[in-house]
Structure formats: structure tokens, C-alpha cells
Amino acid sequence: MTARDVSVSYEGGAKSAIRNINLDIGEKQVLAMIGPSGCGKSTFLRCLNRMNDTVPGCEVKGEILLDGHNIYAKEQEIVELRSQVGMVFQRPNPFPKSIYDNVAYGPRIHGLVDGKDELDGVIEESLRRAGLWAEVADRLDQPATGLSGGQQQRLCIARTIAIAPEVILMDEPCSALDPIATGIIEELISELKENFSIVMVTHSMSQAKRVSDRTAYFHLGDLVEVNETARVFEDPEHKLTRDYIGGRFG
Ligand SMILES: Nc1ncnc2c1ncn2[C@@H]1O[C@H](COP(=O)(O)OP(=O)(O)OP(=O)(O)O)[C@@H](O)[C@H]1O
């Protein structure tokens, strides 16, 4: 994906949130977005699958290309876009349905499978890739809400993978989890990048260091720098980045 000159405002243009963002999201890489609270990370993330469309008074300008096609073009179908760009939220949000039906939801509504056997296969594969199969294989018909928080988040990842997106967006996917569940999700993210491009917002600089290939630093609505993660943390180009990483504000 490529963002070109993306600016977003809220309240009918009265409140500017991000300005002229130019950013490439590499294929099969993890891009971490960091920066102080309110700098526009989530706003930018939500542009990538047009989640901001549903926010009244929110205006998005510029272009976001997915495989060379502008996702803000008139002819873009939102349902199709959401099947190409999946999203995992801060708090695990399983549907009040069985574990099976949570993962089956996407393939069913997008018409991706033909018959029960194929659907069963997609569900097993998605749960395996999300590292959850061994824990739930014998209780697929049980309510998803009975799983632990970490298991629920892996279920939400399985639900996203089941529609075979190209890109997975993650908005602070571990912030509601304990350190052990966080470690499991971080390992999972490192495995998932073999097949998907991942963009994640994180408040944890150590997490960005551990899991991302590239890191983008946002400040007051501007993208200050984006570079290889090691470079951003060891030798940032900008003083603002250095100050944030050094804990001098944020
Ligand atoms: N629905 C909205 N209506 C009005 N202003 C909004 C809305 N959503 C976000 N904003 C404003 O846009 C700016 C960027 O917010 P955003 O949530 O994108 O930042 P963030 O970097 O993700 O913050 P955090 O790290 O706290 O989640 C902030 O000034 C915020 O108050």
C-alpha cells in the first residue's frame, strides 16, 4: 500500500488530525506506527481500510493505493476493500457466537467457500495460523466469549486471516493483554508477516523494536520519519524522534 499526501480532518474540516502523510507499506513486512497520544496514528490506520468513512464530519484527502489502485476511488467497493485489508482492534471483540461461527463469519459473508468441508478447512487453517487450534479444536461450538483475553485476541486474528486479506491493520493489539498473552501475539505477528503485510499502532517502543521491520514516528499530525526499525531506535534522523525515544516527552 502507498499513501500519497493523505490529510484528515474532523468536525467538517475544523480540526486537522494528520497532514500530507506519504508512506509506503512494504509487502510482507511489519510497519509499526509510534508517537505521542493524539498524534494521529489511529486516524491514519483507519484511513487504510476506510474506517473513517463512518465518522461524521471526518474528511480524508489524498490517495491511498492498494496494488496501484486508489481505495478512495468512486468505484471502490467497501466490502471488497475490507476483505483485502483486515483489522484487529485494541480490545478483543469476538461476536457473541461460537468459536467456529466467529471464524466462519467472513468467509460466509464474502462467499469465499463452497460447502461445509471447505469451510471446515478454512477454519482449521486460520485457527492453526493464529496459534489457537490446539486450545480450541475440541470446543469449536462453545461461545467465543468463554475464552481468555489473549485467546480472544488470537481468535480475532484467526477471523481476520480467514478472509485471506493482503494487509492486516492492528490498533494496539496487545494493550488489553497481560505480558504472557502479549508475548504470544508478538510471536504470532512475526510469523504472520510471512504471508501478510502488517501495520500496527503501538504505544510500546520495545514492542515496535521486537516485531517491526520499519517504524514510522508521528508527531502532532505529521509523519516525522519512517525508516528501518533499528535505524529509528539507534540513530534517528530527527531530534523529535530522538527526544520521544529517549523518553523526553510523550
Ligand atoms: N472522531 C473524532 N472527532 C474529532 N476529533 C477526533 C476524532 N478522532 C480523533 N480525533 C482527534 O484527532 C487527533 C488524532 O487522534 P488519533 O486518535 O488518531 O491519535 P493517536 O495518535 O492514535 O492517539 P492515541 O495514541 O491516544 O490513541 C486528536 O487530536 C484527536 O482528538
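How many bridges join β6 to strand β7? In this predicted model, the count is 4, and the two strands run parallel. Within this pairing, G86 sits opposite I168 of β7. Helix α6 lies across both β6 and β7, and its direction makes an angle of about 170° with β6.

Zooming out, β6 and β7 belong to an open sheet of 6 strands, ordered β6-β7-β8-β3-β9-β10, with mixed pairing. At the edges are β6 (85-88) and β10 (222-228), each of which pairs on one side only. From one strand to the next, the twist averages 20°.

Next up is helix α3, which spans residues 99-109. Its buried residues are I99, N102, V103, A104, G106 and P107. The cover over these buried residues includes α4 (116-129), α5 (133-136) and α6 (149-161). After α3 comes G111, with a positive phi near 60°.

As for the interior, nonpolar side chains tend to be buried together in soluble globular proteins. Here the largest nonpolar core has 67 residues, and V6, M33, A158, I198 and V199 touch the most other members. Take V199: setting aside neighbours within four places in sequence, its contacts are I25, L31, M33, L45, L48, V167 and L169.

Finally, there is the ligand. Around it are 13 residues, of which Y10, A17, S37, S42 and T43 come nearest. Both β2 (15-24) and α1 (41-47) supply at least two residues of this shell, with α1 giving the largest share, 3 residues. Sorted by class, the shell has 6 polar, 4 nonpolar and 3 charged residues.

Terms used: Residues are numbered from 1 along each chain as its sequence is written. This is a predicted model: local features need pLDDT of at least 70, side-chain atom pairs count only at pLDDT 80 or more; totals for chains, interfaces and linings use all residues. A residue is near a molecule or strand if its C-beta atom, placed from the backbone, lies within 6 Å of it. Ala, Val, Leu, Ile, Met, Phe, Trp, Tyr, Cys and Pro count as nonpolar, Asp, Glu, Lys and Arg as charged, and the others, Gly among them, as polar. A residue is buried if 20 or more other C-beta atoms lie within 10 Å of its own, exposed if 12 or fewer, and partly exposed in between; C-beta atoms are placed from the backbone. Two residues are in contact if their C-beta atoms, placed from the backbone, lie within 7 Å. A nonpolar core is a set of buried Ala, Val, Leu, Ile, Met, Phe, Trp, Tyr and Cys residues joined through C-beta atoms within 7 Å. Two strands pair if DSSP finds at least two bridges between them. Axes are lines fitted to C-alpha atoms, for helices over the stretch in contact, and angles run from 0 to 180 degrees between N-to-C directions.
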